[in-house]
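Let's walk through this one together, beginning at the ligand and ending with the aromatic rings.

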Amino acid sequence: MTASHLSWPFFEDRHRIWAERIGAWAREKLTHVDHGDVDASCRELVRELGRAGLLQVTAPGDRNEKLDVRTLALARETLAAHAGLADFAFAMQGLGAGPISLFGTDEQRGEWLPKTRSGEAIAAFALSEPASGSDVASISTTARCDGSDYVLDGEKTWISNGGIADLYIVFARTGEAPGSRGLSAFIVRGDNPGLRIAERIPVIAPHPLARIRFDDCRVPASALIGRAGEGFKIAMATLDVFRTTVGAAALGFARRALNETLQRAAKRDLFGAPMSDLQMVQGHLADMALEVDAAALLVYRAAWTKDMGAARVTREAAMAKLYATEAAQRVIDTAVQLHGGAGVVSGHPVETLYREIRALRIYEGASDVQKIVIARSVLSEAER
Ligand code: COS
């Protein structure tokens, strides 16, 4: 697979070394990922990634270090190109631990980050609810202050790693003010009494996913991340960092689809010549390559901007995620088309990609939400 983008000015030598390291690991370890028992596969992938030291980058080692978004994005792009489940396992360690690594106290960081970075603990980010996915401000799970504890009641759904996570970051209403200003973030242990997996949810690209109930779920006040009432901003700022990396995973899927298609176009004869001689096929290949490069530019622009110290990358991250995921869907659909019947056979790489890409246009902010974010940003700039 081409790696020419690594010579772009967004990257430093350490990124090129990192891309080579994670690429070598993926080529060796991801030849076959079992999707029969995704819980077992995910646990094994987290353990293996941890053992190889590759999860160290998912959270900073100490308070003075920062998450490097380019490093995360390169990892997701590479892992996704090999196996969607490996990308998922890596990504969730970062997103799940994100509120702790970005806003946690020294005690919270010390207790959890060494474990998420070594693969010893699996992390989950519990924000969405049956009645509020896109509209975060309307969350109805409550956290009531009771002495020196908080008591959580309510339901979360579409929670990745639900059922296998050792820690859940749970966003709940503490009621300091209506709407977005009355939410808080909590660390809840997977075995905390009152936390129950209500339903495991099977999806088109299998990975651990669940609906979770909280009934009289009591956590100590030390489980609160940041201050009470700051939950919405903690969720949004965490998503600002990790949304770019969703774009990176989509980019990895798209690159793989393009690569599979280039190989097929060169090898398969059609009307007495290689498929790649047909101008109609060339037109498709040109569109695919263009969309891959455009997605890469937006993804690494957003990652670089954050790494350079920008306080907010809300717009850049939204653009990266929106464009890269939508473009990858088009690229993969074309790949399936150019593979003909082979493209829809279960287990074929492009058939797998076709299922893998779909959720990325929905999770961590659906494409429609990204458009709202981008429009608000350009409108507020125009008003200034
Ligand atoms: N970083 C820090 N603060 C942010 C922020 C960000 N990225 N985005 C918004 N805020 C702040 C705002 O500045 C505002 O602060 P003040 O109250 O002090 O003015 C507050 O948060 C509320 O912001 P806003 O009015 O924009 O909130 P809305 O309820 O209108 O919601 C959207 C905004 C729709 C963009 C938001 O709910 C969203 O991103 N939804 C999708 C969530 C998602 O990704 N869900 C999938 C589940 S996660 S897998």
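Predicted model: local features only at pLDDT ≥ 70, side-chain atom pairs only at ≥ 80, totals over all residues.

Residues are numbered from 1 along each chain as its sequence is written, and side-chain values use heavy atoms, with hydrogens and water left out.

D240 brings in its side chain, with a polar atom 2.9 Å from a ligand nitrogen. At G133 it's a polar backbone atom, 3.1 Å from a nitrogen of the ligand. On its own the ligand exposes 1,000 Å², and the protein buries 74% of that (accessible areas by the Shrake-Rupley method with a 1.4 Å probe).

Now step back to the whole shell. It has 22 residues around the ligand, with S134, R181, D240, G365 and R376 the closest; to count as near, a residue needs a heavy atom within 4 Å. The biggest contributor is α6, with seven residues. Helices here are DSSP runs (H or I, at least four residues), numbered from the N terminus.

Finally, the aromatics: W8, F10 and W304 form one cluster. Rings pair if their centres lie within 6.5 Å, with planes under 30 degrees apart stacked, over 60 edge-to-face and the rest tilted. That rule gives five aromatic pairs. W8 and F10 have ring centres 6.4 Å apart and planes at 75°, so they pair edge-to-face.

Note on methods. Polar contact = N/O pair within 3.5 Å; in protein donor to acceptor, adjacent residues only side chain to side chain. Helix = DSSP H or I, 4+ residues; strand = E, 2+ residues; numbered from the N terminus. Phe/Tyr/Trp six-rings, centres within 6.5 Å; stacked < 30°, edge-to-face > 60°.
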